[in-house]
2 protein chains.
Amino acid sequence: MELATEVCKEAARQGAHPLIVAYPTEFARVALDSTPLEDLVVTPRHLLEAMKASDVDIIIVSPANTRVFESADSKRMAIRSKASEPISEEQLKKRWNVTLHPTNALAQDAGMSLTEYKDFVYSAMIRDWDAEVDRMRKLKSDMDNASEVRLMGKDTDLSFSIKGRTAVIDDAKYNLPGGEVFTAPLDDSATGKIYYDLPSLYGKEVTDIRLTFDKGVVVDYSASKNESLLKELIETDEGSRRLGEFGIGTNRGINRFTKRILFDEKMAETVHLAIGRAYKECGGINKSAVHWDMIKTMKPGEIIMDGKTVQKDGKFSWE
Amino acid sequence: MELATEVCKEAARQGAHPLIVAYPTEFARVALDSTPLEDLVVTPRHLLEAMKASDVDIIIVSPANTRVFESADSKRMAIRSKASEPISEEQLKKRWNVTLHPTNALAQDAGMSLTEYKDFVYSAMIRDWDAEVDRMRKLKSDMDNASEVRLMGKDTDLSFSIKGRTAVIDDAKYNLPGGEVFTAPLDDSATGKIYYDLPSLYGKEVTDIRLTFDKGVVVDYSASKNESLLKELIETDEGSRRLGEFGIGTNRGINRFTKRILFDEKMAETVHLAIGRAYKECGGINKSAVHWDMIKTMKPGEIIMDGKTVQKDGKFSWE
């Protein structure tokens, strides 16, 4: 609420009419558990209409407790996710930004004091974004010109096509912090297997995710923790069985894994491959109620595009 | 946010999709001051659309500081009030409730510690509402049958008609606490003068308000503090020059003035006469961007209906 207040004050000065929608963690969990099923499937119309009538959407993640969904029913989470899809679709038509305001809950997940965590967060956010964009431009150019991508690493050999798709530089306009270049794999192209060595969170923590793809579709999967949630998410709809995003992290201000995808996916020396909804700005067409980022360290590892090594053990070829 | 969370949890259990809209006091003031004028006159469309798409509106007043508007520009306050009118109109079509959650700011205004203030608040709210309604039914019956009302008191002799209008019992459905019976004076009927001995708040505190009416319209007014705000409010539009509500307080759990109209207007041994918008459920037709309640103690004083004393020095004739 602190940051929301400051953002809204600045927005008002520029002539905006800011509307603060709060979503306390305790309410979120009770709503998920207690809303009758016939109501849970319904898209909240007031929020949908408010989103339609808005120009900009700024999401500030600032949970009092990051584990409120730890023991939640994953089937109900998928249902709620699907009911919210029209709102997400509207949101993506707007100018939007997702950022984070430090809380003790987030610091705790990251294994830091709140003071340390604030330093970490602001190191990642307050950067020379012009210089960052210059660095990312080189990578974008490689990705725009590439057709076949191959990722090699521990228990990993995955190939997919990004031919004709557009690589997008995350210059901190949509995410703060920014620091990744991402695109949308062709929907039928992913073949092979990938091992995500870092945990992925979707309310709950899912660890050691392994996915096997054939012609773009997940044909096998496993996880060492919360595999049932992985199953629910993959099986949400047709689009959630396919890749929606391939991203490469470039933010060297993010020097450690903090269990928060907004930061982790930007971490230098990592890639992430999301299942579900693709971004239209990449030319992606995959639709889904789900967009779930899972990340993997690439040290050791190799990113190969059209047979050429672009990154090896975390270092780009031009570095 | 505490109470909002609890209310939303309960609403979700009943199948609702609660949306929490927060309005921090500091933001409210900066928005009023800093929004360019051409934007301030615009009705916020996202909030309007969200209101239209909602079934129920619950307003929880819980300010961190009750004086954020103390030095605000009253002209801008009137402009913003007018821009919000379509939202208020939508809200009145819904099921709605206004209540309050104790804060130190509210306790401070009331001259109490937070613990004392909580006791006061819950004494006013947690009552035997069936018994309260029985008491109010007698008063409603008198008001429904009456044509002419005359209020006598210190510097006060005001007459107006409520003929054909419907007296509404505040049984805590629209306001919590409830405890008043209110109606809408006929728009052209008020004649005479009234002295409001208790302060009235509209962002700022306006004290010793004196109004003189002729054929329903305010023809003279004065205040000992913030008279300019009184002027702005009266002159907002055609409807703000006329009475919109006449109410009689009946809640004996409210035993003192706490500078909070939600409570003060329900205080036993008081009446309130609002300028501006009338309630349709009373049969009222007066329209305005303003609805401003001002209250007056009736001890000493007398409420006379069709020549018969209904209340004298705070005691109803049947008590």
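Reply: The account below begins with the contact between the chains and then turns to the domains, the strand pairing and the backbone of selected loops. The model is a predicted one.

The relation between the two copies comes first. In the interface, 32 residues of chain B meet 32 residues of chain A. On the side of chain B that touches chain A, two or more residues come from each of helix H1 (2-13), strand S1 (20-22), helix H2 (25-34) and helix H4 (45-52) of chain B. Of these elements, H4(B) gives the most, with six residues. By class, this side of chain B holds 18 nonpolar, seven polar and seven charged residues. The copies meet through the same surface, because 100% of the interface residues of chain B are also interface residues in chain A.

Strand pairing also crosses between the chains. Strand S1 (residues 20-22) of chain A and S1(B) run antiparallel and are joined by three bridges. In this pairing, Ile20(A) stands opposite Ala22(B) in S1(B).

The chain behind this contact can be described next. Chain A contains 11 helices and 18 strands. The domain assignment divides chain A into domain 1 (2-125) and domain 2 (129-314). The centres of domain 1 of chain A and domain 2 of chain A, taken over C-alpha atoms, are 22 Å apart. Between them, 22 residues of domain 1 of chain A are in contact with 22 residues of domain 2 of chain A. On the side of domain 1 of chain A that touches domain 2 of chain A, helix H5 (74-83), strand S3 (95-100), helix H7 (104-110) and helix H8 (114-125) of chain A each supply at least two residues. The largest share of that side, six residues, comes from H5(A). The residues on that side of domain 1 of chain A comprise 12 nonpolar, five polar and five charged.

For the overall form of chain A, the C-alpha trace spans about 50 × 45 × 40 Å along its principal axes. The radius of gyration of chain A is 19 Å, which agrees with the value near 20 Å that a compact globule of 319 residues would have. Of the 319 residues of chain A, 41% count as buried. Among contacts in chain A with a separation of 6 or more, 67% are accounted for by residues 24 or more positions apart.

Eight strands of chain A form an open sheet in the order S12-S11-S8-S5-S4-S16-S17-S18, with antiparallel pairing. Its edge strands are strand S12 (217-222) and strand S18 (315-316) of chain A, each of which pairs on one side only. Within chain A, strand S4 (residues 148-153) and strand S16 (residues 302-305) pair in the antiparallel sense over four bridges. Here Met152(A) stands opposite Glu302(A) in S16(A).

In chain B, strand S11 (residues 209-214) and strand S12 (residues 217-222) run antiparallel and are joined by five bridges. Phe213(B) stands opposite Val218(B) in S12(B). The hairpin of S11(B) and S12(B) has two residues between the strands, and Lys215(B) there takes a positive phi near 50°.

The peptide bond from Lys299(A) to Pro300(A) is cis, with omega near 10°. Pro300(A) lies in the loop between strand S15 (291-297) and S16 of chain A. In chain B, a cis peptide bond joins Lys299(B) and Pro300(B), with omega about 10°. Pro300(B) is placed in the loop between strand S16 (295-297) and strand S17 (301-305) of chain B.

Positive phi angles complete the description. Asp208(A), although not a glycine, has a positive phi of about 55°. This residue, Asp208(A), is in the loop between strand S10 (204-206) and strand S11 (209-214) of chain A. Asp208(A) counts as partly exposed because it has 16 C-beta neighbours inside 10 Å. Lys259(A), also not a glycine, has a positive phi of about 60°. Lys259(A) is found in the loop between strand S13 (243-249) and helix H11 (261-264) of chain A. With 17 C-beta neighbours inside 10 Å, Lys259(A) counts as partly exposed.

Note on methods
Residues numbered from 1 in each chain as written. Chains lettered and ligands numbered in written order. Predicted model: local features only at pLDDT ≥ 70, side-chain atom pairs only at ≥ 80, totals over all residues. Domains from an automatic or database assignment. Contact = placed C-beta atoms within 7 Å. Nonpolar A, V, L, I, M, F, W, Y, C, P; charged D, E, K, R; others polar. Rg over C-alpha atoms; globule rule 2.2 N^0.38 Å. Buried ≥ 20, exposed ≤ 12 C-beta atoms within 10 Å, placed from the backbone. Pairing = 2+ DSSP bridges.
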